[in-house]
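Me: I'd like to learn how to read a few features of a protein model. Could you walk me through this one?

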Amino acid sequence: MMKLHLTPLGIVEEKDSRYAIKLFSKEPEEAGEIFYKLLKGDRETVSEYLSGYKGLKVVTTSIHLYNALRKLGVKVKYSKDKGIDTPSLLVRTNVTDSIEDARALLNRVMTSFTTIKLKEEMMNKDLLIIHTINTYDEYTETINLFYERLREWYGVYFPELSDIVTKLDSYTNLVYNFLYRENYTVEELIKYGYSEDKARKIASAAEASIGGLLSREDLEAIKMHAEELRGLLVKREKLENYLKELLESEAPNISALIGHKLAARLIAKAGGLRKLASYPASTIQLLGAEKSLFIALRRGGKPPKHGLIFQHPFINQSPRVIRGKVARLLASKIAIAARVDAFGGDFIGDKLYEEVRKRVEELRKEAPKIAEKKKKMRKKIFKKRRRRR
């Protein structure tokens with residue numbers, strides 16, 4: 001039986017106390033690159049360096065070699081006995097003449113390995129997704145602050161407008177484009193896209209407003225703030241379009257299942273798509289609710305039923321009594337979608353979405369019965385406690 005040891009320079013073969021090495025390359029930089037690809041599980045590299053062991057019975061001291069050989073169908077056993085250290089193996093296989101030379105050579109190979117790994121990690125689209133969704137959320141926070149300031153500021157002049165027009169972008173555009181109360185006429189508002197009824201409400205409110213009389217300079221300062229807010233809204237929209245394209249390219253299944261923004265938030269919270277794909281459904285279900293979970297565990301209260309995924313309409317628009325069931329269902333489908341996106345496979349996002357949608361509809365119909373059943377159970381528990389007292 002042949003024993004295999006993995007080193008950064010190549011695969012050492014041990015048989016009958018004899019050692020031979022299958023070098024990745026004589027150049028340390030190239031050897032580092034091949035070593036990285038082998039650890040990563042690159043198909044071409046694995047096939048090139050390990051397919052020769054098919055049909056042989058081997059034992060290996062490397063878990064990476066063990067996993068790769070098993071995938072190739074090689075009969076392999078894993079040994080926890082590491083045996084001889086790597087520098088000594090390089091001396092025994094005549095790669096170097098001394099332990100010192102071996103260590104210097106290994107240092108060069110691992111420097112190359114680390115450089116390639118860092119470059120690939122920096123090129124990872126996961127980082128772009130994480131930075132984009134974080135920037136989008138920061139834009140949203142800033143926009144909300146600016147909007148509140150605009151409502152309060154312009155409310156000094158025209159306080160009634162905020163009660164009639166509640167949408168952030170609509171309010172901001174009206175302030176910027178009309179500004180003066182006398183500009184809010186029915187004709188101009190209809191031209192701007194408002195219905196006649198809404199236009200009349202706004203025009204009447206402007207005419208009978210109890211707001212203060214501000215100077216031109218005061219109103220121009222408010223308009224400048226509204227202009228800044230409009231710019232932020234445009235930038236956020238462009239950022240959202242970019243995020244959508246990024247998610248459709250990198251995580252199409254999750255994006256189709258739960259939407260690009262929630263998908264990006266889950267990826268960011270997990271620390272990457274592959275990390276998200278490695279999580280069980282139960283962990284995905286509670287991502288973002290870690291504090292609540294720890295508090296519940298420490299104090300003995302009820303643990304949370306959902307974390308970030310509560311943002312999805314399937315959960316937050318369902319009756320409270322079935323939200324836990326819907327959260328488990330959605331989390332299990334997200335886990336499947338994440339694994340397909342991370343490790344390759346056909347597009348199944350639309351299919352997963354339909355499966356969840358149909359099941360959620362069924363659960364919503366069953367919600368009254370489930371609520372009644374829980375109510376009866378609580379009554380029984382309450383009666384038992386009273387009897388014990």
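Me: In what order do the five strands form the open sheet?

Reply: Two ground rules come first. This is a predicted model, in which local features need pLDDT of at least 70 and side-chain atom pairs count only at pLDDT 80 or more, while totals for chains, interfaces and linings use all residues. Residues are numbered from 1 along each chain as its sequence is written, and side-chain values use heavy atoms, with hydrogens and water left out. Strands (E, at least two residues) and helices (H or I, at least four) are DSSP runs, numbered from the N terminus; two strands pair if DSSP finds at least two bridges between them. Here the order is E3-E2-E1-E4-E5, with mixed pairing. Strands E3 (18-23) and E5 (75-78) are the edges, each pairing on one side only.

Me: In which sense do E1 and E2 pair?

Reply: Strand E1 (residues 2-7) and strand E2 (residues 10-15) run antiparallel to each other, over five bridges.

Me: Which strands does helix H3 lie across?

Reply: For angles, axes are lines fitted to C-alpha atoms, for helices over the stretch in contact, and the angle between N-to-C directions runs from 0 to 180 degrees. Contact means heavy atoms within 4.5 Å. Helix H3 (residues 63-71) lies across E1, E2, E4 (57-60) and E5, at about 155° to E5.

Me: Is Asp-16 buried or exposed?

Reply: Buried means under 20% relative accessible area, exposed over 50%, and partly exposed in between (1.4 Å probe, protein chains only). Asp-16 counts as exposed because its relative accessibility is 67%. Asp-16 sits in the loop between E2 and E3, and its phi is near 55°, a positive value in a non-glycine residue.

Me: And what is the phi of Leu-179?

Reply: Leu-179 has a positive phi too, about 60°, although it is not a glycine. It lies in the loop between helices H8 (168-177) and H9 (186-192). With 3% relative accessibility, Leu-179 counts as buried.

Me: Which side chain of opposite charge is nearest to Arg-181?

Reply: Lys and Arg count as positive, Asp and Glu as negative; His and chain ends are not counted. A salt bridge needs a side-chain nitrogen of Lys or Arg within 4 Å of a carboxyl oxygen of Asp or Glu. For buried Arg-181 the nearest is Glu-182, 5.8 Å away, and Arg-181 has no salt bridge. Its contacts beyond four places in sequence include Tyr-157, Phe-158 and Leu-213.
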